[in-house]
Amino acid sequence: MMEWTNAIVQGVLLGGLYALFAAGLSLIFGVMRLVNIAHGDLIVLAAYFGLTTSVMLGVHPFAALMVVVPLMAGLGYVLQRGLLNRTLGDDILPPLLVTFGLSVIIQNALLESYSSDPQKLSGGAIETASLQIGGLALGVLPLLTFGIAVVVIALLQWIFYATSLGRGFRAVSDNQDIAQIMGFNKAHVFGLAMALALAVTAIAGILLGIRTSFDPSVGGGRLIFGFEAVIIGGLGNLWGTLAGGVILGVAQTIGAKIDPGWQLLAGHIVFLIVLAVRPNGLFPRVDH
Amino acid sequence: MPDTLLALNGLDAHYGDFQALFGVDMEVHAGEVISIIGANGAGKTTLMRSITGLMRNTAEQINHLGQPIGRLRADQVAHRGIAMVPEGRQLFPSLSIEENLLVGGKVGRTGPWSLSKVYDMFPILAERKGQKSMSLSGGQQQMVAIGRALMANPDLILFDEISLGLAPVVISDIYKALPDIIGEGMTAMLVEQDISRALQVSSRVYCLQEGRVSLEGRTGDVSRDDITAAYFGVTT
Ligand SMILES: Nc1ncnc2c1ncn2[C@@H]1O[C@H](COP(=O)(O)OP(=O)(O)O)[C@@H](O)[C@H]1O
Ligand SMILES: [Mg+2]
């Protein structure tokens with residue numbers, strides 16, 4: 001019995017990481033209807049940036065966030081204005097093709113610069129520390145990851161619904177033409193949205209890199225987890241995305257408990273069931 | 001110095017291969033109200049979209065305060081003080097009523113209009129400011145659309161069929177508010193299907209027919225027959 005409780009709790013905490021994978025994806029889709037195929041590779045890129053920063057400056061990967069978050073945000077803004085804005089239009093295919101190409105380019109650039117050897121960010125004592133709570137041993141890192149995910153989602157929610165920046169995101173998302181005649185420069189608003197999304201990606205990448213080893217090829221899997229969390233939770237709902245991440249995480253840890261080979265499969269099956277029963281996800285946005 | 005606020009010089013507009021406007025010339029003077037009339041599909045909305053920067057034009061085709069603005073982006077045009085109440089209202093559905101109005105004030109121009117001034121004119125909006133715009137009646141939505149445009153403190157405001165789809169009594173209410181709006185020293189261009197209403201509030205009229213100006217004149221000078229001919233393209 002305790003073992004199952006443990007599996008569920010571990011799954012919930014893992015869900016926090018998946019929500020961080022998903023949040024940027026969800027934000028970008030919500031604001032500009034862009035499905036970013038390179039999202040997972042950008043998470044891995046952030047992990048490598050974290051690696052280089054912490055090695056070169058000799059600092060803890062968490063301290064590297066001070067460099068990697070602004071770096072990824074800046075990259076997001078430039079990427080959006082320099083490349084992705086040109087692909088957006090009535091046709092949904094160009095952004096898919098271009099971000100797919102971007103995914104390949106990032107993977108190859110990482111292979112060239114860092115080789116295919118697995119790397120890891122060393123988080124020090126935090127990696128093995130755990131707390132005894134009600135007979136369960138909870139890792140400090142997973143707990144911290146989950147806490148960060150909640151804070152990040154709450155922050156994004158606040159930006160979206162309580163600031164003029166967020167009002168601009170929602171206005172442009174609702175009606176691009178009318179938002180423009182109200183004085184919003186669409187290209188700039190999209191740039192800011194991508195900057196925010198990749199700032200979250202930076203956090204996700206560094207937490208991923210402390211938790212597990214990574215190599216240039218693992219981006220695709222992170223994209224899928226993020227994508228599944230978004231769809232399970234319901235498009236356009238950030239708290240739903242967190243719930244989606246948790247459901248996916250729990251499905252995986254329970255699957256793994258039944259048979260270690262079933263971890264990923266169980267997650268995909270739950271995703272497919274949700275998609276079949278509730279195509280709009282469990283908590284779709286309701287404001288129309 | 002002539003007080004020409006806006007001049008269109010041989011304005012063309014295209015949707016892909018389809019040409020919607022052909023060499024439209026127009027002049028709007030500061031402080032006047034002009035009406036644009038014409039049958040469905042004549043190009044009235046396209047004309048307004050062009051002025052606001054949503055269509056591709058050459059620089060010289062649109063002149064604002066003596067400067068060519070035809071190549072500016074819509075947001076740049078907005079900052080110059082041109083606002084629009086678009087056809088079909090087009091409020092932002094995921095924003096509350098107050099947020100819709102605040103978005104209108106994004107350009108940050110100073111002038112007589114503010115949130116409280118808009119609420120003074122349309123008190124019902126103050127009562128419902130936290131609600132989503134889609135929960136309002138058509139007439140109330142139109143008030144939001146008008147208020148949203150006013151929040152920009154524009155010096156030129158474009159109204160595209162503000163009476164479309166509204167009950168007659170509501171239309172009367174909105175037209176009653178119009179002098180208050182335009183009385184604040186604003187210049188207005190009014191697209192309207194209801195010709196007599198349009199002529200009542202405007203000093204000059206342009207009629208569009210299949211993308212071309214088919215008639216222009218002072219409202220007192222054009223006859224019903226002139227308008228019918230210009231509107232429907234009746235040739236003799
Ligand atoms: N987005 C569009 N794509 C293609 N054609 C359009 C589009 N919008 C309008 N048109 C065409 O342009 C012409 C003028 O339309 P519009 O400016 O909306 O006329 P009006 O406002 O006078 O009714 C019409 O023939 C219409 O079919
Ligand atoms: Mg029209």
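In which sense do strand S3 (residues 33–37) of chain B and S8(B) pair, and over how many bridges? I looked that up to start; this is a predicted model, so I kept that in mind throughout.

**Entry 1: around S8(B)**

The pairing of S3 and S8 in chain B is parallel, and I count 4 bridges. Within it, I found B:Ile36 bridged to B:Val191 of S8(B). Next I checked strand S7 (residues 156–160) of chain B, which also pairs with S8(B) in the parallel sense, over 5 bridges. There B:Phe159 sits opposite B:Leu190.

Then I asked myself why S8(B) is largely enclosed by the rest of the structure. I get 5 of the 5 residues of this strand (residues 187–191) as buried, so that settles it. I also noted the side-chain directions: B:Thr187, B:Met189 and B:Val191 go one way, B:Ala188 and B:Leu190 go the other, and all are buried.

**Entry 2: chain A against chain B**

I moved on to the interface, where about 2000 Å² is buried between chain A and chain B, 62% of it on carbon and sulfur atoms. Chain A puts 18 residues into the contact and chain B 23 residues.

For polar links, I have 6 residue pairs in polar contact between the two chains. The salt-bridge rule gives 2 across the interface. One that I wrote down joins A:Asp177 and B:Arg49, at 3.2 Å, N to O.

On the chain A side, helix H6 (164–174) and helix H7 (176–181) are the elements that give two or more residues. H7(A) has the largest share, with 5 residues.

Terms used: Residues numbered from 1 in each chain as written. Chains lettered and ligands numbered in written order. Predicted model: local features only at pLDDT ≥ 70, side-chain atom pairs only at ≥ 80, totals over all residues. Heavy atoms only, no water. Contact = heavy atoms within 4.5 Å. Buried area = accessible area lost by both parts, 1.4 Å probe. Salt bridge = Lys/Arg side-chain N within 4 Å of Asp/Glu carboxyl O. Polar contact = N/O pair within 3.5 Å; in protein donor to acceptor, adjacent residues only side chain to side chain. Buried < 20%, exposed > 50% of the residue type's maximum accessible area, 1.4 Å probe, protein only. Pairing = 2+ DSSP bridges.
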